[in-house]
Amino acid sequence: MPDLFPTGIEKDAVARAIRTRRSIQLFRPEKPDPALVRQAVDLARWAPNHKLTEPWRFYVLGEETSRRLAERNAELVRADLGDGAAENKLKRWLGIPGWLALTCRKTEDSFREREDYAACCCAAQNMMLFLWSHGVGMKWTTGPVTRDPEFFKILDISDQKEFVVSLFMYGYPADTPVTERAGVEEHLVVLG
Ligand SMILES: Cc1cc2nc3c(=O)[nH]c(=O)nc-3n(C[C@H](O)[C@H](O)[C@H](O)COP(=O)(O)O)c2cc1C
């Protein structure tokens with residue numbers, strides 16, 4: 001019997017997920033079950049969000065949308081870095097098993113929008129940790145394509161109403177990188 005908190009959560013389970021999660025960019029070809037991704041989005045929505053604005057939208061990209069996005073991204077890369085880089089990028093993006101975009105609702109009130117963005121980031125972490133606990137890795141990306149007007153056309157959304165928090169790639173890791181963090185004492189101040 002695992003050692004459980006009164007919440008039913010196994011002690012250290014959350015800590016393990018947090019500590020071992022990495023941003024993944026090399027994936028095995030299998031596509032994660034759409035039902036698992038749906039469950040991740042369902043859980044993401046339980047993130048704290050001030051005034052219960054629920055400012056997020058999650059777009060799971062199907063094959064057609066993913067292909068159009070990969071092609072648009074390759075066009076942007078071509079303009080910047082030339083044909084070879086564009087072909088490589090296109091091939092790589094077409095081989096990514098899954099794509100999911102997370103957007104945040106725009107608001108006139110800049111403080112509200114900042115709080116809404118914070119809530120979306122909490123939702124993103126919920127999603128990443130849940131999927132990680134099922135063996136699925138994600139990488140959060142905010143490259144130029146996420147601010148390109150064509151991005152919004154391809155997803156059929158309005159850039160007047162929402163902005164992109166992240167375009168996630170996801171799938172089962174083929175490689176899990178090692179990253180570092182500074183020691184906790186560098187970021188922790190305990191006041192008397
Ligand atoms: C707001 C945000 C934007 C990010 N954008 C990118 C990106 O465009 N490309 C990328 O490779 N990683 C991106 N990342 C992932 C970070 O680079 C990654 O989290 C960091 O290197 C630490 O690695 P870890 O997540 O494996 O601990 C982003 C992360 C955040 C929170």
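Figure 1. Trp93 is buried, at 9% relative accessible area. The structure shown is a predicted model. Across the whole structure, a search finds four aromatic pairs.

**Figure 2. The aromatic pair of Tyr117 and Phe163.** The rings of Tyr117 and Phe163 form a tilted pair, with 6.1 Å from centre to centre and 35 degrees between the planes. This pair links distant parts of the chain. Tyr117 belongs to helix 5 (residues 110–133) and Phe163 to strand 4 (residues 162–171), and the two are 46 residues apart. Tyr117 is partly exposed, its relative accessible area being 35%.

**Figure 3. Surroundings of the ligand.** The residues around the ligand are Arg21, Arg22, Ser23, Lys139, Trp140, Thr141, Thr142, Gly143, Thr179 and Arg181. By type, this shell holds one nonpolar, five polar and four charged residues.

Figure 4. Ser23 places a polar side-chain atom 2.6 Å from a ligand oxygen atom. From Thr142, a polar backbone atom lies 3.0 Å from an oxygen atom of the ligand. Trp140 has a backbone N or O atom 3.2 Å from a nitrogen atom of the ligand. The ligand taken alone exposes 610 Å², of which the protein buries 58%.

Figure 5. The whole structure contains 12 salt bridges. One of these joins the side chains of Asp3 and Lys11, with an N to O distance of 3.5 Å. Lys11 is partly exposed, at 32% relative accessibility. Another salt bridge joins the side chains of Glu10 and Arg16 at 3.8 Å, N to O. Glu10 counts as partly exposed, at 32% relative accessibility, and Arg16 is partly exposed with a relative accessible area of 47%.

Figure 6. The side chains of Glu71 and Arg67 form a salt bridge of 3.0 Å, N to O. Both residues lie in helix 3 (residues 63–81), four residues apart, which is about one turn of the helix. Glu71 is partly exposed, with a relative accessible area of 35%, and Arg67 counts as partly exposed at 33% relative accessibility. Through salt bridges that share partners, Glu64, Arg67 and Glu71 are joined into one network.

Notes
Residues numbered from 1 in each chain as written. Predicted model: local features only at pLDDT ≥ 70, side-chain atom pairs only at ≥ 80, totals over all residues. Heavy atoms only, no water. Near = heavy atom within 4 Å. Polar contact = N/O pair within 3.5 Å; in protein donor to acceptor, adjacent residues only side chain to side chain. Areas by Shrake-Rupley, 256 points an atom, 1.4 Å probe, with all protein chains shown as cover. Nonpolar A, V, L, I, M, F, W, Y, C, P; charged D, E, K, R; others polar. Phe/Tyr/Trp six-rings, centres within 6.5 Å; stacked < 30°, edge-to-face > 60°. Buried < 20%, exposed > 50% of the residue type's maximum accessible area, 1.4 Å probe, protein only. Salt bridge = Lys/Arg side-chain N within 4 Å of Asp/Glu carboxyl O.
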